[in-house]
Amino acid sequence: MSINWLRVVFPSIIKLPPPLPLRYSSPSSCSCFSSVVVAMSYDKELTAAKKAASLAARLCQKVQKSLLQSDVQSKNDRSPVTVADYGSQALVSFVLQQEFPAEFSLVAEEDSKDLRKDGAQELVDRITKLVNDSLASDESYSVTLSTEDVLKAIDSGKSEGGSQGRHWVLDPIDGTKGFLRGGQYAIALALLDRGKVVLGVLACPNLPLTPINDQHSPNNEVGCLFFAEVGGGSYMQPLDSSSTVKVQVSGIENPEEASFFESYEAAHSMHDLSSLIAQKLGVKAPPVRIDSQVKYGALSRGDGAIYMRLPHKGYREKIWDHAAGCIVVTAGGVVMDAAGNPLDFSKGKFLDLDTGIIVTNQKLMPILIKAVRESLEEKASPL
Ligand SMILES: Nc1ncnc2c1ncn2[C@@H]1O[C@H](COP(=O)(O)O)[C@@H](OP(=O)(O)O)[C@H]1O
Ligand SMILES: [Mg+2]
Ligand SMILES: [Mg+2]
Ligand SMILES: [Mg+2]
């Protein structure tokens, strides 16, 4: 910014390096980042992120097709993790390190601890083969990774993030439970720059290209890639092609006409609380329950108008469960905690927030916040 300002004011007397790529952004709508007037371009990073997430999506599709019970591990938080979670993380980590060898920091969900235990060798071999097969399908990589390379790539995701520098944020499979059920899941990759989300990519291999609620559509193709860059709008393309469309969150103003998304898993979000809120808003449509950040993707193109995520007490949200989704809904959407604060991605792995996360358009947000507050008060002191 300052360099370009100087260039304008002192064009002839100061010899300056070539201008940085700049992009003008509207001072507006996403609560993930501050309302900057001029922002850096992250086009190179976005291209790499799309490539990494698409490759990982292909790996996951392959595993989901031939899912075996033995592919499922149990982590100490009792959430399932599969060879595809590990494979996806290794692949994305490897691709990003190849593209940005000089500056690489990754905050990711999985680690190799369980894979380094006795008896896990067969699993590690399978993950390594999956990763190598995926790399071989892309002409740019003529490498074969060893099992140790794969474990190291998985463990490169141990960064803590924070408010300084750049950090990639990855959920290699968001919605592992949905993945295991044959349902929705997403590969969610975002970039933080000085604590703000500056780009996000959501690969949703099982999401129809046409709106979820459009049951009469003759097109039953699935596989969507959503992406957004700070100040650059939000886009969707089919996972297997480059034809891109601009997407926009629904501008519905009457909550009665809105439909809302929530977690498929009742353990992840209080369905009784969201139905009370929906009742207060006068929402008529039943909730649309789907797994993962696919909800953000669907919302970003107007499939529904509201997403409510109200976890049970004590649950701490992780940044990889929201960073990519948060920026993808920027075009017309607002993401806040239940008290109306923007999400803060600069505090490390966790989001410290009040009660839950709500997403909708700018018009509906104040009405939604009011309904959430009233419902919480009612729940706390029932008559
Ligand atoms: N008890 C709980 N409450 C809220 N979220 C939970 C949870 N247990 C797991 N999760 C998170 O919910 C994510 C899935 O989101 P959703 O509920 O929207 O489908 C999981 O991501 P992973 O599948 O990546 O582990 C996990 O991080
Ligand atoms: Mg998990
Ligand atoms: Mg997740
Ligand atoms: Mg995950």
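The C-alpha centres of domain 1 and domain 2 lie 23 Å apart. Domain 1 covers 43–247 and domain 2 covers 255–380, with bounds that come from an automatic or database domain assignment. This is a predicted model, where local features need pLDDT of at least 70, side-chain atom pairs count only at pLDDT 80 or more, and totals for chains, interfaces and linings use all residues. Residues are numbered from 1 along each chain as its sequence is written, while chains are lettered from A and ligands numbered from 1 in the order in which they are written.

Start with where the domains meet. Here 41 residues of domain 1 are in contact with 29 residues of domain 2 (contact means C-beta atoms, placed from the backbone, within 7 Å). On the domain 1 side, β8 gives the most, with 8 residues. (Helices are DSSP runs of H or I with at least four residues, strands are runs of E with at least two, and both are numbered from the N terminus.) That side of domain 1 divides into 23 nonpolar, 12 polar and 6 charged residues; Ala, Val, Leu, Ile, Met, Phe, Trp, Tyr, Cys and Pro count as nonpolar, Asp, Glu, Lys and Arg as charged, and the others, Gly among them, as polar.

Now for the sheet. Seven strands form an open, mixed sheet in the order β5-β6-β7-β8-β9-β10-β11, where pairing takes at least two DSSP bridges between two strands. At the edges sit β5 (106–108) and β11 (245–247), each pairing on one side only. Neighbouring strands are turned by 20° against each other on average, direction ignored (axes are lines fitted to C-alpha atoms, for helices over the stretch in contact, and angles run from 0 to 180 degrees between N-to-C directions). Helix α2 (residues 43–65) packs on this sheet, touching β6, β7, β8 and β9, and its direction makes about 30° with that of β8. Helix α3 (residues 83–99) packs on the sheet too, touching β5, β6 and β7.

What about ligand 1? Its shell has 18 residues, the closest being Thr 176, Ser 263, His 268, Asp 291 and Pro 311; a residue counts as near if its C-beta atom, placed from the backbone, lies within 6 Å. β6 gives the most to this shell, with 3 residues. Both domains give residues to the shell, so ligand 1 lies between them.

Finally, UniProt (unreviewed entry) places "binding site" at Glu 109, Asp 171, Ile 173, Asp 174 and Asp 321; its positions are given in the numbering used here, feature names are shortened, and annotations may be inferred rather than shown by experiment. These residues span 213 residues in sequence, yet no two of their C-alpha atoms are more than 9.8 Å apart, so they gather at one spot.

Technical notes:
Contact = placed C-beta atoms within 7 Å.
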